[in-house]
Amino acid sequence: MLRIFVCEDNKEQRERFAKIIQDITMIENLDMELTLTTAKPDDILNYLSENDVSGLYFLDIDLKSSMNGIELAAKIREYDPRGFIVFVTTHSEMSYLTFIYKVEAMDYIIKDNYSNIKDRIHQCIINAHKKYSAKATELQKIFTMKADDKIINVEYSKILFFETSPTIHKVIVHTLDRQIEFYAKLKDIEAKLDSRFYRCHKSFIVNKDNIREIDLNKRCLHMINGQTCLVSTRMLKGLVD
């Protein structure tokens with residue numbers, strides 16, 4: 001998932017940007033989330049230091065803080081080198097600093113009128129989503145599903161296991177950071193996956209790369225994030241082998 005961050009010291013403008021972003025992601029049915037809006041650069045840096053994130057960042061330049069938006073962008077690059085950075089500012093004369101700090105800004109939006117800002121933010125969100133999806137496809141395999149009128153892409157490396165849902169004809173995929181329920185059959189999913197996935201039970205397909213421990217007595221798999229997955233007696237030997 002591509003996460004969106006806003007750093008803007010003006011409360012009214014910050015709330016306005018947040019509303020624009022939430023409306024766009026909802027209308028476009030994008031698998032994106034407005035994760036954090038703040039006036040403090042350290043809030044974003046603290047979040048990035050504790051979470052593995054691919055982000056789209058809308059940053060004001062004059063933040064009335066210990067660092068300006070361009071300095072913040074340079075620090076963001078240390079945590080999220082492939083992130084998308086957009087400056088939203090009244091200071092058009094400071095655009096040259098983006099080259100000095102080598103932050104590779106995706107766009108530079110001038111706060112001249114509301115309509116322009118809304119259109120440009122919309123364009124940035126669409127472009128970032130396309131580029132993120134293309135990069136993810138290029139770098140690693142992705143499992144694609146449709147859930148709640150959204151097309152959702154999940155990297156194979158972040159999938160823990162699939163299990164049949166209590167809701168008929170549905171499957172739940174457990175990932176490192178969320179669970180998603182969608183219409184599918186386990187046998188159809190199994191046919192699409194690569195060799196890192198194993199049908200360990202009639203109701204489960206597990207990602208072997210994300211197993212931390214196999215409990216042979218209880219026939220239970222402990223995943224790297226603490227979740228558990230069942231394994232049948234019949235399939236246990238094949239998994240261990």
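Reader: What makes strand 1 largely enclosed by the rest of the structure?

Author: A strand is a DSSP run of E of at least two residues, and a helix a run of H or I of at least four, numbered from the N terminus. Buried means under 20% relative accessible area, exposed over 50%, partly exposed in between (1.4 Å probe, protein chains only). In strand 1 (residues 2–7), 6 of the 6 residues are buried, so the strand is largely enclosed. Leu2, Ile4 and Val6 point one way, and Arg3, Phe5 and Cys7 the other. The model is predicted: local features need pLDDT of at least 70 and side-chain atom pairs 80 or more, while totals for chains, interfaces and linings use all residues. Residues are numbered from 1 along each chain as its sequence is written, and side-chain values use heavy atoms, without hydrogens and water.

Reader: How do you know that strand 1 pairs with strand 2?

Author: Pairing requires that DSSP finds at least two bridges between two strands. Strand 1 and strand 2 (residues 32–38) are joined by 6 and run parallel, so they meet the definition. Thr37 in strand 2 is the bridge partner of Val6.

Reader: Which residues of helix 1 are buried, and why are they said to line one face?

Author: The buried residues are Arg14, Phe17, Ala18, Ile20, Ile21, Ile24 and Thr25. Seen down the axis of helix 1, they fall within an arc of 165° (taken over the directions from the axis to the C-beta atoms), so they line one face. Exposed residues Lys11, Glu12, Met26 and Ile27 are on the face turned away from that buried side.
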